[in-house]
Each structure stands twice: as structure tokens, then as C-alpha cells.
Amino acid sequence: MAEQNVSAPVPQPAETATQPEVAAASAAQVGETPTHEDIEADDHDVLEGDSAFGDDESERDSRTSLTSGITKYREENGRRYHAYRDGKYLIPNDEVEQDRLDLHHHVFNLALGGKLINAPIGQTSRVLDAGTGTGIWAIDFADQYPEAHIIGCDLSPIQPGWVPSNLEFEVDDIEDTWRHKPFTFIHMRSLAGSIRDWQQLLASIFNNLEPGGWLECVEFEVLLRIQNEDSIEFPPYIKKWQEGLHEAGEKFGRSFEVAVHLKDWLQAAGFVGVTEDIIKVPNSPWPRDRRRKEMGLYQQQNMFDASSSYGQAHFTRILGWTSQEFDIMSAQVRKELRDLRYHSYSNLYVVYGQKPGGGKEEVEVEIEKGPAAETEPGEGKGKAAAV
Ligand SMILES: C[S@@+](CC[C@H](N)C(=O)[O-])C[C@H]1O[C@@H](n2cnc3c(N)ncnc32)[C@H](O)[C@@H]1O
């Protein structure tokens, strides 16, 4: 597909527009059209430029979806879900979830010691943030790399309208065929439970990177861990919630078990210099160390919100629970998360690799690490650390 969507001017939203309207205007630039009225011409050729993913069939499908309303969100059990490709992503896109994503961005910042990425990308020019959410990472990246052009792509137009001029957002499905110009860096974060076929997605990414280009994937492992499990029983509701999520993800065909496989998957896809950094993130402010306590405090708030957004649709649509049953369980999960006797943490995986070619490959380095290992927040390379 031609490149016009990259440079298409973004119309400025009306002052009175609501956030979704603003986001819709900037991300997709389409609206509802009464059937018998003349259709106003779009000077910016929006549909032509809107989808850079998609084969012929899915492109038709994309257009149908776009014209029938990417903001006709599904409302269900008090939460709101994406409209474009309705049903393929089971986490809400409402304001509560958007706030959670922005707060979680701060946790990632703390965990990576203030860095936006771990990969040594050097200068970069064309960047994709695949599954950008509220676009908060992409906005920060665009500020830090003013010479680069960044595209943030998502099923939901929930990104702000006023962003750095080197950044734009698209509503699109990264599981479609890719027809962008090659990128020099692709970033993906928190897509566990979203993707049906990771190997296929990684193949698309590999093919759509310039030689020497980089991919970085950032994922939490699904299951929470308890560091003092020898002296306290694993919190029963957290266990129930996590096991249910895992089961529903498998049944739905979009597994949550992603983080631990990324290194192997990237290598199998052809990436070289694949590096896996694992960072222990406390799920509540139980650690002594101030920096980890602060991280635990933010992560605890994230987990309070995640205990509802991660599961409401999985448990009701797939496991057949009532929403009341789910709400009761998630209230118990929050109670357990508040209990600082549980030294709960999750492993955050930051995995990156380079497409060979371009004469700039990093030398392949084998990094040996234990299973729950133990990188200091913000440091790479497997340094052992107790929380
Ligand atoms: C948990 S959020 C993470 C957002 C962002 N990466 C971050 O870290 O803040 C996952 C996002 O991926 C998007 N997503 C899921 N499947 C997708 C797909 N097939 N194509 C594009 N976006 C997708 C969702 O709409 C959601 O906004």
C-alpha cells in the first residue's frame, strides 16, 4: 500500500468533542453517513490511507467496519469494548481501562529505569508501536526521537488528538497482512491474550523490518508469583482468577502465555542477537527498598484495575460465569492484593532482537538466566537481586 496515510494531515477536532470523538477524528477520520444523503468527499482520501494492513478480502472487511462505525463500541456488564473487528480483543477500551494503561506506562518506566526501550537501536527512522492503546509510549518515543516517524496502530481509536508532529495513529488490525513500507524499529507491549498466532505475527514483523532493524516485545508473564510461598498459602482468589484467565485465553485461542516463549519465538523467526531481560515487579508495596516499594505501589493500583478489566469478558463470554460471580471474585482478588503478607511479584520480560543484514548486527550473545530471574529494575543482563 502506498504511504499516503503516513503523511495524511490530521483534521483538528472540535473543541467540544468528547475524548473518543477526538481520538476517532485523529485516528481514523471517518463518521456516520445517512444512507440517502450525498456523501461528502474526503480531501484526505482517508479510507485509501487508513489501512496499511489487510489483504483484498480483509480490506473490504476493514472498509465495511470503518463505515459502519469504529466507535460503535460494545457495552457489556458496565464496560465498553472495541468496535472494529468486534469480539477479537476481550479487554475493555473505556476510560477506566485507558487510565489503567497510562498508569501502567509509569510502572514500565520505573521497571526500565526511566528508559522507553532496552534494545540498542541507535538512530531510527520509521517506527511502529503495534497495539498502541492510548498511545502513551508512542507519544514519549516521538518526543525522544524527533528525527523518527512513528505510527501507533490499534483496534480502538482511543488516542489523543494532539500529539507530536512526527507521530500518527491508525485504527488497524496487526493480524492482517502488512502493507506498510518497512520499519526500522517495531515495539509491542502487553499484547498477551490478544494474538492468535504469534509465529505468524513475528514473521510479518520480520518481513516488514529493514535489514538491521529491531523488534522489542515487552510482556508480563500471566501468573503472579509469591516470593514467600514457603511460609504462606498462595492467595486462593488470585489463583482462581489467574487460572480462569489462562483457561479462557486458551479456549479463545489467544493465549496469555507469551512472555516465556518470546526469546525462542524471535530466534525461530530469524532475529539475531536476541536478548531477554527479566525484571521482577512487586505487585504491592511490600518490599523494603524504596524504589521497589514505589513500583509496587503503582503496580498494585494497576492490578486493582486489571482484576476487573482482565477477566470480565473472558469469564462471562467464554467460561459462562455471570458478571455478578466475576465481580465477587475480583473484589476478593483486590482484597488479597491489599494484603502485604503476600510478597507478590510478576516477572516482566523485555525481549529484543535484530533482523540480520544492513551490516549493523549485534554479536549474538547467549544470556544465561534462572527461571524467575532477577534483573534490577532498569538494568539489563540478568543481575541477581532479591526484591
Ligand atoms: C493491554 S493494551 C496495551 C496497550 C499499549 N501497548 C501499552 O502498553 O500501553 C493492548 C492493546 O492492543 C490492542 N490490540 C489487540 N489486538 C490487536 C490487533 N489485532 N491489532 C491492533 N491492536 C490490537 C488493543 O486494542 C489494546 O489497546
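Trainee: Is S156 buried or exposed, and why?
Mentor: Count the C-beta atoms around a residue; 20 or more others within 10 Å make it buried. This is a predicted model, so the count comes from predicted positions. S156 has 30 C-beta neighbours inside 10 Å, so S156 counts as buried.

Trainee: Where does S156 lie?
Mentor: S156 is in the loop between β4 and β5 (167-171).

Trainee: Which residues is S156 in contact with, leaving aside its neighbours within four places in sequence?
Mentor: H82 and N93. P92 and S156 are 64 residues apart along the chain, yet 9.9 Å separates their C-alpha atoms.

Trainee: Now a strand residue. Which strand holds I150?
Mentor: Strand β4. I150 is buried, because 27 other C-beta atoms lie within 10 Å.

Trainee: What is I150 in contact with, beyond four places in sequence?
Mentor: The list is V127, D129, A138, F141, A142, N166 and L167.

Trainee: How do I step back to the whole chain?
Mentor: Start with the elements. The protein chain has twelve helices and ten strands. Then take burial: 45% of its 387 residues are buried. Then ask how far apart in sequence the contacts reach. Among contacts with a separation of 6 or more, 71% are between residues 24 or more positions apart.

Trainee: How many residues are in the largest nonpolar core?
Mentor: That core has 81 residues. A111, I186, L215, L266 and V351 have the most contacts inside it.

Trainee: What is V351 in contact with, apart from its neighbours within four places in sequence?
Mentor: V351 is in contact with C217, L262, K263, L266, V274 and E276. L266 is also on the list of core residues with the most contacts.

Trainee: How do I read strand pairing?
Mentor: Follow the bridges and note the direction. Take β6 (residues 183-189). Seven of its seven residues are buried, so β6 is largely enclosed by the rest of the structure.

Trainee: In which sense do β3 and β6 pair, parallel or antiparallel?
Mentor: Strand β3 (residues 126-130) pairs with β6 in the parallel sense, over four bridges. One example is A130, whose bridge partner in β6 is M188.

Trainee: How many bridges join β6 to β7?
Mentor: Six, and these strands run parallel. R189 stands opposite V218 in β7. Now trace the chain: it goes from β6 through helix α7 (residues 198-207) to β7, a right-handed β-α-β crossover.

Trainee: Which strand does β7 run antiparallel to?
Mentor: Strand β10 (residues 344-354), through seven bridges. V218 has V350 as its bridge partner in β10.

Trainee: What should I expect of side chains along a strand?
Mentor: In a regular strand, they alternate between the two faces of the sheet.

Trainee: How do I read a ligand site?
Mentor: List the residues around the ligand, then see which come nearest. Here there are 21, and G131, G133, R189, S190 and S194 come nearest. The elements that each give two or more residues to this shell are α5 (95-111), α6 (136-144) and β4 (149-154). By type, the shell has nine nonpolar, eight polar and four charged residues.

Trainee: What does phi tell me?
Mentor: Most residues other than glycine have a negative phi. S190 has a phi near 60 degrees, a positive value. S190 is found in the loop between β6 and α7. With 19 C-beta neighbours inside 10 Å, S190 counts as partly exposed.

Trainee: Where does N77 lie?
Mentor: N77 is in the loop between β1 (74-76) and β2 (79-81). The phi of N77 is positive too, near 50 degrees. N77 counts as partly exposed, because 17 C-beta neighbours lie inside 10 Å.

Definitions and conventions:
Residues numbered from 1 in each chain as written. Predicted model: local features only at pLDDT ≥ 70, side-chain atom pairs only at ≥ 80, totals over all residues. Buried ≥ 20, exposed ≤ 12 C-beta atoms within 10 Å, placed from the backbone. Contact = placed C-beta atoms within 7 Å. Core = buried A, V, L, I, M, F, W, Y, C linked by C-beta atoms within 7 Å. Near = placed C-beta within 6 Å. Nonpolar A, V, L, I, M, F, W, Y, C, P; charged D, E, K, R; others polar. Pairing = 2+ DSSP bridges. Right-handed = clockwise from strand over helix to strand, strands pointing away.
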